[in-house]
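Subject: Model for your review

Hello,

Please find the structure below, followed by notes on what was found in it.

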Amino acid sequence: MSVDKKLSRLEAELDKLRRRVRGVEDLKVASEVFDRATLLTLYELANKGYIDVMQGVIKTGKESNVFFARDREGNPLAVKIHRVATSDFKAMSRYIEGDPRFPKMRRTRRGIVYTWVRKEFKNLERAHLAGVRVPRPVAFRNNVLVMEFVGRDGVPAPMLKQVELSNPEEFFRELLRNVRLLYCRAKLVHADLSEYNILVEEERPVIIDLSSGVVRDHPHAQEFFDRDVANLVRYFRRYFSVDYKEVHSYIVSCGGDHGVPEDSQG
Ligand SMILES: Nc1ncnc2c1ncn2[C@@H]1O[C@H](COP(=O)(O)OP(=O)(O)OP(=O)(O)O)[C@@H](O)[C@H]1O
Ligand SMILES: [Mg+2]
C-alpha cells in the first residue's frame, strides 16, 4: 500500500473514531500532547466504553500528562498519558529488565514506553488486590492508563509534599501499613516512593505512580526498597523522630501478611 493510501485510510479511521471521545479537541494542550497514535489510542479506549469525555488537565509533566475525564456513568477518572518522545528510556529499562513479568519487551522507544504503562497497570492491579490504598486501575492501552480519580468534586487530592498534616503520626502509621501490604502481600517494591507520589485524601494516604515498581525478586529490588524507606524516614523527620532500621524492619516483617489476597476474602 502506498504511503498516501495508508494515510488516507488512517484519516478515515480517525474521522470515524473522532466523534467517540468528547473533549479532546477542547483541551488546550491537545495538539502538543496528543499525537496521532495517542489520539487513536484514546478513541479506542472511548469506543470500548472506558472513557466518555476528557475534561481537563490535572498535571503536565516532562514525561507524562495526567488528565481529568469521566466515564459514561459520569464517574471521575484520571487518564495518564506517557509521551513517547520525551521519555528517558535508559532509566525506564533499569526498572523493567530483570522483572520476570516482561521477558520479551520490544526494545524500541515505543516498546519501552508501552511496557512501562503496562507495568504501572499491573502493579496497580496487584496493589489494589492486596488492599493497598492506590487508585483503582480501570484500563490501559499503549501509552495511556485509565484509573480512578483521587480527589473530590473534580479537585485532585494534593501531594503529601504540599500538605501540612494535622495528625502526622496517624498518617505515617497508615502509610507504613500500606507500604507493608505492598511489600508483603503484593510482593512489590514501589521504587519511587516519596512525598511527590503520595496523595493526601481526607488526611489519609493514597500511593500513586507505580510505574517504577518492581517485583521483590528484581535484581535491584533491595536497593530500590532501601531508598524508598530512606525517603519516607527523611520526610517524616520534619514532624517527629523516626528510626530508619525500625521502619525498615516493620515493613519487611511479613508475619501474618503472607497470604495471597484471596485468603482474606473468603
Ligand atoms: N489517580 C489520580 N487522581 C488524581 N490525581 C492524580 C492521579 N494520578 C496522578 N495524579 C496527579 O498527577 C501527578 C502526576 O502523576 P504521577 O506521579 O503518576 O506521574 P509522573 O510523576 O509524571 O510519573 P512518572 O514521572 O513516573 O512518569 C501527581 O502528582 C498527582 O498530582
Ligand atoms: Mg510522580
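**Salt bridges**

In this predicted model, Arg 107 and Glu 97 form a salt bridge whose closest N and O atoms are 2.6 Å apart. A salt bridge here is a side-chain nitrogen of Lys or Arg within 4 Å of a carboxyl oxygen of Asp or Glu. Both residues lie in the loop between helix 4 and helix 5, so the pair ties together parts that are ten residues apart in sequence. Helices (H or I, at least four residues) and strands (E, at least two) are DSSP runs, numbered from the N terminus. Arg 107 is exposed, with a relative accessible area of 59%, while Glu 97 is partly exposed at 36%. Buried means under 20% relative accessible area, exposed over 50%, and partly exposed in between (1.4 Å probe, protein chains only).

By the salt-bridge rule the count comes to 13. One of them joins Arg 94 to Glu 223, with the closest N and O atoms 2.6 Å apart. That pair links distant parts of the chain, with Arg 94 in helix 4 (residues 89-94) and Glu 223 in helix 7 (residues 221-236), 129 residues apart. Arg 94 is partly exposed at 33% relative accessible area, and Glu 223 is partly exposed at 40%.

Glu 170 and Arg 173 also form a salt bridge, at 3.1 Å between the closest N and O atoms. Both lie in helix 6, three residues apart, about one turn of the helix.

**A buried lysine**

Lys 119, in helix 5 (residues 109-129), is buried yet has no salt bridge. The nearest side chain of opposite charge is that of Asp 99, 5.0 Å away; Lys and Arg count as positive and Asp and Glu as negative, with His and the chain ends not counted. A polar atom of the Lys 119 side chain does lie 3.1 Å from the backbone oxygen of Ser 212. Not counting residues up to four places away in sequence, Lys 119 touches residues including Tyr 95, Phe 102, Ser 211 and Val 214, where contact means heavy atoms within 4.5 Å.

**Ligand 1**

Of the 19 residues around ligand 1, Ser 64, Lys 80, Glu 148, Val 150 and Asp 209 come nearest; a residue is near if one of its heavy atoms lies within 4 Å. A nitrogen atom of ligand 1 lies 2.9 Å from a backbone N or O atom of Glu 148. For Val 150, a backbone N or O atom lies 2.8 Å from a nitrogen atom of ligand 1. An N or O atom in the side chain of Ser 211 is 3.4 Å from an oxygen atom of ligand 1. The protein covers 88% of the 620 Å² of accessible area that ligand 1 has on its own (Shrake-Rupley method, 1.4 Å probe).

**Backbone**

Asn 142, in the loop between strand 4 (137-141) and strand 5 (144-148), has a positive phi near 50°. Lys 187, in the loop between helix 6 (168-184) and strand 8 (188-189), has a positive phi of about 55°.

**Conventions**

Residues are numbered from 1 along each chain as its sequence is written, and chains are lettered from A and ligands numbered from 1 in the order in which they are written. Local features need pLDDT of at least 70, side-chain atom pairs count only at pLDDT 80 or more, and totals for chains, interfaces and linings use all residues, while side-chain values use heavy atoms, with hydrogens and water left out.

Regards

Conventions: A polar contact is a pair of N or O atoms within 3.5 Å; within protein, one must be able to donate a hydrogen and the other to accept it, and residues adjacent in sequence count only if both atoms are side-chain atoms.
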